[in-house]
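Subject: Structure for your review

Dear colleague,

Please find below the structure that I am handing over to you. My notes on what was found in it follow directly after.

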Amino acid sequence: MHEPVILGIETSCDETAAALFRGHELLHHITATQLVHTAYGGVVPEYASREHNKLLGPVIKGVLEQAEFNLQDIDSIAVTQGPGLAGALLVGLSYAKGLALGLDIPLYGINHIEGHIFANFIGQSELPTPFLCLLVSGGHTQLIHVESIHTYKLIGQTRDDAAGEAFDKVARLLGIGYPGGPLIDRISRDGSRNFHHFPRSSFPESYDFSFSGLKTNVLQYIRKQNAGFIHSHLPDIAASFQEAVVDVLSKQTMQAARDLGLDRIVLAGGVAANSRLRERMSELTQDESIELFQPDLRYCTDNAAMIAFMGYWRALVDEPDQLNIAAFPNLKLSFGV
Ligand code: KG4
Ligand code: ZN
């Protein structure tokens, strides 16, 4: 049987990415991280769109060249439809539509969140559902009961900031820079996570999260100290903050898995790259004989391999999308009751 060749395109935020799959097998992928935002301490939406415009053509060309394929070899296109920055999504979606029209091949609009969840299984021909997914990114902190592909139940979510957002905001407070998550992770390795006990929020009889109080607490703590103290204890403060986030995420996830009787846990999204979260979840799941899936580091943050991989699964069961599909900046997973 001829396995379809699928081109994946991802432009939802500040990574311009393309990937080529044959069936469920990854042939090649490239993720170009836009550096222009570093000077501004955060993603500037207008610059993100401009950079996608500049980078997407060369990134797709690079993937095809590395895999030794031509444009004409592509059988279908999978592109991120949302959620994300409106202008950034439009660049990828318009490019994908143009290619689909020019090559007369089907187009699939992919939900970026589903991409993150199933990034754990890139290259595999089976998906080990059901499982509990902890989705932790810059925009999301959710516990999702994944019954099967496309069938989800929301178990809990943040009531304010997402976990990644908390990392980014606290990094800014500490003057560490951008992107905050990876930098806090890195400097925490030289610090003591027991240096200061920051508060952990929880809600009785709910699996919800809250991180804005923690962020305020870090701010108040910094204000009370002098600059020299902060400077010399930066790794300790970062590690103590990180421990508070990881503590809440890991305990809540384990409790939900226990209560739902699920013996598989999947980490997904940018914060799933956090070394302490990975370490803690490994320890806790081993203690309780729960199988833990953590995405390969290159598939934690935004990439097109997860989008092309979802395209493969969509094409098995769904009709292609129309070429007039819109970008959905606030696209959600659809949760059953
Ligand atoms: O999934 P992602 O690439 O983009 C969204 O869809 O949001 O996640 C980006 C988020 C950022 O907030 C970033 O700071 C965080 O993931 N992040 C991390 C780490 N690597 C990325 N947070 C903590 N530790 C990390 N190692
Ligand atoms: Zn993402």
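This is a predicted model: local features need pLDDT of at least 70, side-chain atom pairs count only at pLDDT 80 or more; totals for chains, interfaces and linings use all residues.

Helix H10

Ten of the 13 residues of H10 are buried, so the helix is largely enclosed by the rest of the structure. The buried residues are Ala305, Met306, Ile307, Ala308, Phe309, Met310, Gly311, Tyr312, Trp313 and Arg314. Their cover includes the strands E1, E2, E3, E4 (76-82) and E5 (107-111), together with H3.

Helix H1

The same reasoning can be applied to helix H1 (residues 45-67): its 23 residues should span 33 Å at 1.5 Å a residue, and its end C-alpha atoms are 31 Å apart, which agrees. Where does H1 bend? The bend, of about 40 degrees, is at Leu55, and the proline Pro58 follows within four residues. Among the buried residues of H1 are Ala48, Glu51, His52, Leu56, Val59, Ile60 and Val63. Strand E1 (5-10), strand E2 (15-22), strand E3 (25-33) and helix H2 (86-103) are included in what covers the buried residues of H1. Just after H1, Glu68 has a positive phi of about 60 degrees.

Salt bridges

Side chains of opposite charge can pair when their charged atoms come close. How many salt bridges does a search of the whole structure find? The search finds 20.

One of them joins the side chains of Asp161 and Lys215, with N to O at 3.1 Å. This pair links distant parts of the chain, since Asp161 lies in the loop between strand E8 (151-157) and helix H4 (163-173), whereas Lys215 lies in helix H6 (residues 212-224), 54 residues apart. Both Asp161 and Lys215 are buried. A network of salt bridges links Asp161, Glu165, Lys169 and Lys215.

A salt bridge also joins the side chains of Arg200 and Asp247, at 2.9 Å from N to O. Arg200 is in the loop between helix H5 (180-188) and H6, and Asp247 is in helix H8 (residues 234-260), so the pair ties together parts that are 47 residues apart in sequence. Are these two residues buried, exposed or partly exposed? Arg200 has 27% relative accessibility and therefore counts as partly exposed, while Asp247, at 14%, counts as buried because buried means under 20%.

Asp247 also forms a salt bridge with Lys251, whose closest N and O atoms are 3.1 Å apart. Asp247 and Lys251 are four residues apart in helix H8, so about one helical turn separates them. An α-helix has 3.6 residues a turn, so residues three or four places apart point the same way.

The largest pocket

The space in the largest pocket is about 1,400 Å³. Which residues lie nearest the centre of this pocket? Of the 50 residues that line it, Cys13, Ser137, Gly138, Gly139 and Asp168 lie nearest its centre. Helix H3 (112-118), strand E6 (131-136), strand E7 (141-148), H4 and H5 each give two or more residues to the lining. H4 gives the most, with six residues.

Yours sincerely,
A colleague

Terms used:
Residues are numbered from 1 along each chain as its sequence is written. Chains are lettered from A and ligands numbered from 1 in the order in which they are written. Side-chain values use heavy atoms; hydrogens and water are left out. A salt bridge is a side-chain nitrogen of Lys or Arg within 4 Å of a carboxyl oxygen of Asp or Glu. Buried means under 20% relative accessible area, exposed over 50%, partly exposed in between (1.4 Å probe, protein chains only). The expected span of a helix is 1.5 Å times one less than its number of residues. The bend at a residue is the angle between axes fitted to the seven residues ending there and the seven starting there. Contact means heavy atoms within 4.5 Å. On a 1 Å grid over the protein atoms alone, a cavity is a set of points where a 1.4 Å probe fits but cannot get out, and a pocket is an open set with protein on both sides within 12 Å along at least five of seven lines; lining residues have an atom within 4 Å of a point. Grid points are joined across faces, edges and corners, and a volume is the space filled by probe spheres set on the points.
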